[in-house]
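Please look through the sequence and the model shown here before reading the numbered points. The notes below go from one part of the structure to the next.

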Amino acid sequence: MNLERVSNEDKLELCRKYYLGGFALLPFLWLVNVVWFFREAFVVPPYGEQPLIRSYVRRSAVGLGVWGVGLGAWLGLFQTQRARWGAWGDFLAFTLPLGTP
Amino acid sequence: MTLAVFFGCTFIAFGPALGLFLFTIARDPLRIIILIAGAFFWLVSLLLSSLIWFIAVKASNPQDEPLQKGLLIFGVMFSVLLQEAFRFLYYKLLRKAIEGLVALSEDGCSPISIQQMAYVAGVGFGLMSGAFSMINLLADSLGPGTVGIHGDSQLYFLTSAFMTMVLIFLHTFWGIIFFHGCEHRRWWEIAAVVIMHLTVSGSTFCNPLYVGSLVPSYLVMATAAAWAYVLSGGSAQNLRRFLLCKSSAWLWQPPENSSGLGNPSLLALPQAEPK
Amino acid sequence: MAARRAWGGPAMAAAAGGCWAPLPACLRLLRGLLLAALAAGSCQGNSVERKIYIPLNKTAPCVRLLNATHQIGCQSSISGDTGVIHVVEKEEDLSWVLADGPHPPYMVLLDGSLFNRRVMQQLKGTSRVSGLAVAIAKPSPPQGFSPGLKCPNDGFGVYSKDYGPQFAHCNKTVWNPVGSGLSYEDFHFPIFLLEDANETQVIKQCYQDHNVPRDGSGPEYPLCAMQLFSHMHAVTSTVTCMRRSSLQSTFSINPEVVCDPLLDYNVWSTLHPINSSGKVDPEKEVIIVATRIDSHSFFWNIAPGAESAVSSFVTHLAAAEALHKASDVHLLQRNIMFTFFQGETFDYIGSSRMVYDMEKDKFPLRLDNIHSFVELNQVALRNDSVLWMHTDPVSRMNESVDVQVRNLLDILGSSSLGANVTLQEAGFSQPLPPSSFQRFLRARHIPGVVLTDHRTAFQNRYYQSMYDTPENIRMQYPEGLSPEETLEYVTDTAKSLAEVATVVARALYRLAGGANSTSAIQADPRTVSRMLYGFLIKMNNSWFQSIIKPDLKGILGDVPQHYVAVSSPVNTTYLVQYVLANLTGTVVNFTKEECLNPEKSPNSETEMYDYAWVQGSLDPNSTSRVPYCVRSTVHLSKALSPAFELRQWGSTEYSTWTESRWKEIRARIFLVASRELEIITLLVGIAILVFSLLATYFINAKADVLFSIPQDPGAVAY
């Protein structure tokens, strides 16, 4: 969808939908929100709905950051510590390397 | 011999061909089609010649060494002749194709000339020939070992890569010379191409004395390059101008060295597209 | 077209469509040619690969085995371990590998005489070793070699801190003093055995040509190297690997099982037929005769086990044959069960399973039915023809048990009169050696005796090693015999084992209540000799061929070895089953259909008997065989440790041995080039690539300068 052809109200509505959708454990919606509306929020000359769009983009970025840190921490922890967790590590893992603990 | 050798040999063998493809062929879909069709023609010629050789080998006594060597020489020569025959067939096909393209075009001019087709067909032949020469070597070069435990030369991969590079170039130049000879009914040009091809293929029987195969091949390549350059509208004067970085403003002078048929620029890009 | 193999053997599978012009005849011809090409072509080995690598075909790997708490054996990395070869023939050569050599890691080619604990500890402790290839030592090391434990099957026998603690953990007697425990260590690099002396010579020649330092300086590239592939999938312990396998089997679409329990079948047969699917009355008494039929060594599928297993079960088979020939066996008061246990090497898999089945009523007999127990352990290396009788001192402290044991010993002693066997008691101070009887004692105090050729430590100096070969039990054949003659030749070892078998058969006859004279009961040395030949030297002989089923011909192909393995039944189990059927069964006049489907015939009593349609021997002047039907009381019972039935993978009571799975195991040698040459190749390639890209760009940009355009600028084509 080309944002240039969309009216400002529709843009706000879209941004809001993506922002709210991200709360349903869907951080990628926040990622899309940030990437897609970044130009609209910060680069394009100001228009009526821009402050709201800007706030949504900011909040999406914060949410994305939290998810990123959380997932990154969990991934790092799992990759490095799974071998020491014994049975629980095996239950949590989807696929296990052959021949290594 | 690990990744370093794999990438090194790939770049040596296919680097120049990659450059030719990227800068002169990739942008024009018609040239890509001619390239792939040319590669296919070479493939078919290899299929037929290898079939003949395979039948000959299976029908003969595998223990008889001189016979097997003789069969190999026969096979190589037969394959060379078959490849040149398919090059001729491809020329015939492309000639017909030009008529079709002229009919389809809006201004009665073919979007691509026979010389450009000759060059692209040569690259096609060369690429497919190079692929068949080199791919299985590259696959084995990924392993930890190098050639030599049975006494072969250690430089096997390197020399194969250089040989492949020279072969790709040679096929390109032979394409130009061959099509030129077919176009102007100069049978001695066609014969020269066949003889050069036989010489280069024959010289590989000197392996593992690599100086006996690589040096003649590079000399033949230099000869063929010069000849193809001249046939494509080049001259020593143009070369000097190029090397001295002069501009092209002087090209409206009557060219004293041009071949009788006034070739358009071989490598020039969309000049030749229909308006 | 270069004269190289690029267009070798197989014809190419190109798409059909040579002719541009749509001539149907042309297309048909090309299609026909293509079909012929595809049909005729068969893929041979890649000839460039043959220039580079020499595969080593006759090798045996060391694989990973796991039990409840540990992993043992060897592991390589997933894409093989590579190292520069260094030949170690004396201890001084090790310093090159461990410290001095300039091209680590090294792949050590170790002489068999140096394959001991001290050298292995040194190799294990360094990171400069990427693998090991052991050349088998011929002749066997004179000081003995045993990679087994000093105290075999410790902790799974009867002696523990609750029962005879003074005998537990070999406190009183170290049974295998030569044992180094190498088989039970965990190595992080692959170890292979080079079985073929020719291949070993090829490797040494390559080493001599390329790897030996000359004129004081180090060896120069290219160097001879070896790569070993033996990546094992299981890790840590049986608990972990079975858990992972069961998780995969339950939840995954494409399950990846990583280990398998060691399992096979026990072979058992009774003198009087019993209903194998029913239960025997508690009043009926049975004497159990037992031997083990498996062995082990450091390397996978190499377990000749001449003294540790074969000598005992061959004697047992001969005794069974002798007993069956006695005239009044059907009148005997007690039944005799001849049992051949599999998997005893690995903490008594077979016997623990049989005891478990007896306790849980899954076996026709119960522990109550057992009157006494006679076991034959290693019996081939008797000193001064003395055969030792071992009993359990702890259970004999009970008066009633002691009386029965004494009776048993007396009967055995009296059976040896007239034979060249002297039976002596090992004494009260000696515990039982590692034997299947110990598992039965754990469940019930049965009177029993274990017969061996050693009183304290084993006479066998190659216990559970690759050197436990026919030479170890002094089997010698004269030169120049054909295979048939060798099969029939009676060695001294065979005669000695036949005497032991005679004594055992006579004793069993007496134990079972036989009253007549036993002088007619004689084991046949010719049978013993044929069995020894078949189980130790060549399985594919005419006698074995004649007694097996026609569809099992394939099991007679390999060099004989007796590892329990994970796919069952193994060759040894089949052969013991068929030899026992042949020696103790009767030929019945059934046709092939009746024999293969005995339930359809009346009077066939399929629960009591087993019917087998065997090949029969070759007619002397023809190529066809005369098959016949054999009726016997031979049955197989599953020998899988109860730990796996109960899913108690960490059990300390039952054996928990598993074997890891793997994808490929192979070895090859080749030359490696120096790092500098590789980097130079890469740099030359990059330089040529960059240069050609630049040159092409500039030529293309200045094409109008290089190539003169025609006088008429409009004419672009013809």
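1. Strand β15 of chain C is largely enclosed by the rest of the structure, because seven of its seven residues are buried. Buried means under 20% relative accessible area, with exposed over 50% and partly exposed in between (1.4 Å probe, protein chains only). Strands (E, at least two residues) and helices (H or I, at least four residues) are DSSP runs, numbered from the N terminus.

2. This is a predicted model, in which local features need pLDDT of at least 70 and side-chain atom pairs count only at pLDDT 80 or more, while totals for chains, interfaces and linings use all residues. Residues are numbered from 1 along each chain as its sequence is written, chains are lettered from A and ligands numbered from 1 in the order in which they are written, and side-chain values use heavy atoms, leaving out hydrogens and water.

3. Which strands pair with β15(C)? One is β13(C), in the parallel sense over five bridges; another is β18(C), also parallel, over four bridges. Two strands count as paired if DSSP finds at least two bridges between them. C:Glu375 in β15(C) is the bridge partner of C:Ala290, and C:Val449 in β18(C) is that of C:Val374. Strands of a sheet pair through backbone hydrogen bonds, either parallel or antiparallel.

4. These strands belong to an open sheet of eight, in the order β17-β16-β18-β15-β13-β14-β12-β22 (chain C), with mixed pairing. At the edges are β17 (422-425) and β22 (634-640) of chain C, each pairing on one side only. From one strand to the next, the twist averages 25 degrees. Strand β13 (residues 286-292) runs parallel to β14 (residues 335-341), both of chain C, and seven bridges join them. Within this pair, C:Ile287 stands opposite C:Ile336 of β14(C).

5. Helix α8 (residues 349-359) of chain C packs on the sheet, and its direction makes about 100 degrees with that of β22(C). Helix α9 (residues 399-415) of chain C also packs on the sheet, touching β15, β16, β17 and β18 of chain C, at about 40 degrees to the direction of β18(C). Contact means heavy atoms within 4.5 Å; angles run from 0 to 180 degrees between N-to-C directions, with axes fitted to C-alpha atoms, for helices over the stretch in contact.

6. The largest nonpolar core has 106 residues, and C:Leu132 is among those with the most contacts inside it. Such a core is a set of buried Ala, Val, Leu, Ile, Met, Phe, Trp, Tyr and Cys residues joined through side-chain atoms within 4.5 Å. Helix α5 (residues 156-183) of chain B gives the most to this core, with 17 residues. The residues that C:Leu132 touches include C:Met107, C:Phe115 and C:Ile191, not counting residues up to four places away in sequence.

7. Is B:Glu189 buried or exposed? It counts as buried because its relative accessibility is 0%. B:Glu189 lies in helix α6 (residues 187-203) of chain B. Among the residues it touches, not counting those up to four places away in sequence, are B:His180 and B:Trp227.

8. Chain C and chain A bury about 900 Å² between them, 57% of it on carbon and sulfur atoms. Buried area is the accessible area (1.4 Å probe) that two parts lose on being put together, summed over both. C:Arg243, C:Arg244 and C:Leu247 supply 53% of the area that chain C buries against chain A, more than any other three residues.
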